[in-house]
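Here is a short report on one protein model and its ligand.

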Amino acid sequence: MLLQMRQITKTYGTLNANSNVDFSLRQGEIHALVGENGAGKTTLMRILYGMEQPTEGLIQLNGKEVQFMNPTDAIAHRIGMVHQHFMLFPSFTVAENIVIGNEPKAGLTFDRKTAVKQVEALCATYRLPIDPNKKVADIPLGMQQRVEILKVLYQGADIIILDEPTGVLTPLEAKELLVIMRSLANQGKSFIIITHKLHEVMEIADRVTVLRDGKVTGTLEASATNVEELSKLMVGRDLLESARRDVQVGKTVLQVKDLSLHGDKGKPVLDRVNLHIKAGEIVGIAGISGNGQSELIQAITGLLPIEQGVIQLLGENITGRSVREIREIGLSHVPEDRYQWGAAKEGTVLDNGTMGHHQTRSRSGLLQGKELRQMVDRFIQQFQIKAGSQETQVKYLSGGNLQKLIVAREIAQNQPFLIAAEPTRGVDIGAMELIHEELLRKRDEQGAILLVSSELTEILKLSDRILVMYEGRIAGELSAEQATEEQISLWMAGGVSDA
Ligand SMILES: Nc1ncnc2c1ncn2[C@@H]1O[C@H](COP(=O)(O)OP(=O)(O)OP(=O)(O)O)[C@@H](O)[C@H]1O
Ligand SMILES: [Mg+2]
């Protein structure tokens with residue numbers, strides 16, 4: 001066995017993030033690690049990568065015990081990790097990002113020419129083409145991830161840990177990644193992949209280990225299991241199935257007219273976008289990310305100035321208004337990038353759970369300290385958020401648990417209009433069902449919801465109407481009854497049809 005983690009326990013205060021975990025990896029294997037939010041997946045991998053020390057237990061490489069005090073130790077033992085959130089420098093080139101920390105030098109200065117040559121050779125060896133001279137900020141997310149992988153390969157890794165690598169990728173990019181992993185595994189590399197997408201597990205993994213509440217509930221050959229069995233091992237209970245119910249739509253809540261916006265390169269990012277959303281309906285926007293969805297949301301929420309067009313919320317013209325004014329008129333927003341916009345990382349669960357709620361009125365006036373605490377308690381119970389206490393800083397929450405806190409907070413704002421951008425990114429299947437149920441409930445209560453998601457299944461399941469965005473334009477619109485995956489995919493890829 002290439003790697004064995006034996007009886008790993010990791011304690012934070014009174015919480016056992018990992019309890020007596022046994023985990024192994026064969027050479028050339030792709031081993032998936034799955035489990036609910038907060039099950040301890042990232043913790044186990046941070047231990048393997050030397051970012052944390054286990055409270056108990058040991059790690060063996062090729063049968064010999066090793067101890068990693070930090071990632072440098074792990075890298076020296078040919079272990080590399082690509083984190084849940086990318087850690088690249090956007091203003092540096094691809095080559096610079098790959099060699100950083102191990103830069104080739106000419107005398108005392110950075111030898112750019114050699115760096116580019118080395119990166120080109122690396123790309124050739126592993127058949128992962130990329131332009132080393134491009135700025136990272138200018139390449140799509142799928143390519144940025146390739147840079148992360150190349151960086152780990154440059155450091156000499158034979159064991160590569162990927163923490164939710166497909167979360168931010170388009171379906172096509174995700175497929176490509178799986179192909180790359182298999183090809184590298186055939187060349188002798190070994191992978192550990194954390195994912196919430198069980199179909200990916202079935203597609204790519206040789207073996208799969210399931211964690212629940214910090215304990216292993218099973219290690220199985222992927223060929224001998226299925227999605228149902230894995231869900232059961234993960235969740236330990238049956239999932240609720242939510243479905244759309246019939247509801248009467250009301251008055252128009254959001255109206256976007258002829259919205260246009262140009263990027264810095266003169267190309268339109270938004271090109272005469274028209275759309276409306278009524279009370280009691282979910283309008284889903286499908287599209288490959290980067291086709292104007294983010295800019296549309298930023299324009300509606302007041303984060304991006306509008307060049308042309310009008311946006312009305314509840315009949316009021318909100319064009320040019322500030323984020324705060326628009327929120328006060330009636331908007332709540334689950335942002336796409338929760339780390340940039342959604343959360344104050346140094347703040348506590350209480351701080352983050354109540355952001356924007358201080359103006360909320362209860363029967364006795366503005367919400368006060370005790371009521372705010374009770375509200376956050378409700379969030380924690382309803383969404384089964386693993387948070388320690390309300391005083392825990394959210395930087396200690398697992399990725400999915402922070403996402404659930406933000407979704408709960410925004411839905412609870414009780415605003416007439418909600419923008420939900422990638423609302424289930426990074427959450428486990430049980431939490432996904434819960435969030436879907438809450439969005440549908442809000443809609444049933446005459447809420448108007450703009451849902452932006454790169455998961456087509458999510459769009460199809462929740463939306464009453466579906467708009468497809470392509471290159472800044474609305475390429476097509478379908479009602480829930482008319483919608484088919486084929487038609488949407490065609491429009492998403494820029495195809496035209498007469499449907
Ligand atoms: N430094 C820390 N201090 C306190 N608690 C922590 C710390 N790091 C992690 N935890 C807790 O340990 C538990 C496991 O977290 P971990 O990040 O490993 O979960 P995960 O399985 O990766 O979940 P997700 O799918 O949401 O990313 C969580 O309850 C988390 O809040
Ligand atoms: Mg995690």
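Six strands make up an open sheet, ordered 6-9-10-3-11-12, with mixed pairing. Strands here are DSSP runs (E, at least two residues) and helices are runs of H or I with at least four residues, both numbered from the N terminus. Two strands count as paired if DSSP finds at least two bridges between them. Strand 6 (79–82) and strand 12 (215–221) are at the edges with a single partner strand each, so one side of each has no neighbour in the sheet. On average, neighbouring strands of this sheet are turned by 15 degrees against each other, direction ignored. Such angles use axes fitted as lines to C-alpha atoms, and run from 0 to 180 degrees between N-to-C directions.

Look inside this sheet. Strand 3 (residues 30–35) pairs with strand 11 (residues 207–212) in the parallel sense, over five bridges. Ala 32 stands opposite Val 208 in strand 11.

## How the model was handled

This is a predicted model; local features need pLDDT of at least 70, side-chain atom pairs count only at pLDDT 80 or more, and totals for chains, interfaces and linings use all residues. Residues are numbered from 1 along each chain as its sequence is written, chains are lettered from A and ligands numbered from 1 in the order in which they are written, and side-chain values use heavy atoms, with hydrogens and water left out.

Another open sheet has four strands in the order 2-1-4-5, with antiparallel pairing. Its edge strands, strand 2 and strand 5 (64–66), each pair on one side only. Neighbouring strands of this sheet are turned by 30 degrees against each other on average, direction ignored.

Seven bridges link strand 1 (residues 3–12) with strand 2, and the two run antiparallel. Thr 11 faces Asn 16 in strand 2 as its opposite residue.

## A hairpin

Strand 23 (residues 465–470) and strand 24 (residues 473–479) pair antiparallel over six bridges. Arg 465 stands opposite Ser 479 in strand 24. The two strands form a hairpin with two residues between them. In the turn, Glu 471 has a positive phi of about 50 degrees.

## Around ligand 1

Which residues are closest to ligand 1? They are Gly 38, Thr 42, Thr 43, Ser 398 and Gly 400, out of 20 that surround it. A residue is counted if one of its heavy atoms lies within 4 Å. Domain 1 (3–235) and domain 2 (252–492) both give residues to this shell, so ligand 1 lies between them. The domain bounds come from an automatic or database assignment.

Polar contacts are pairs of N or O atoms within 3.5 Å. A polar side-chain atom of Lys 41 is 2.8 Å from an oxygen atom of ligand 1. For Thr 43, the side-chain distance to a ligand 1 oxygen is 2.6 Å. Gly 400 uses a polar backbone atom, 2.7 Å from an oxygen of ligand 1. Taken alone, ligand 1 exposes 640 Å², and the protein buries 87% of that. These areas come from the Shrake-Rupley method with a 1.4 Å probe.

How values were computed:
A polar contact is a pair of N or O atoms within 3.5 Å; within protein, one must be able to donate a hydrogen and the other to accept it, and residues adjacent in sequence count only if both atoms are side-chain atoms.
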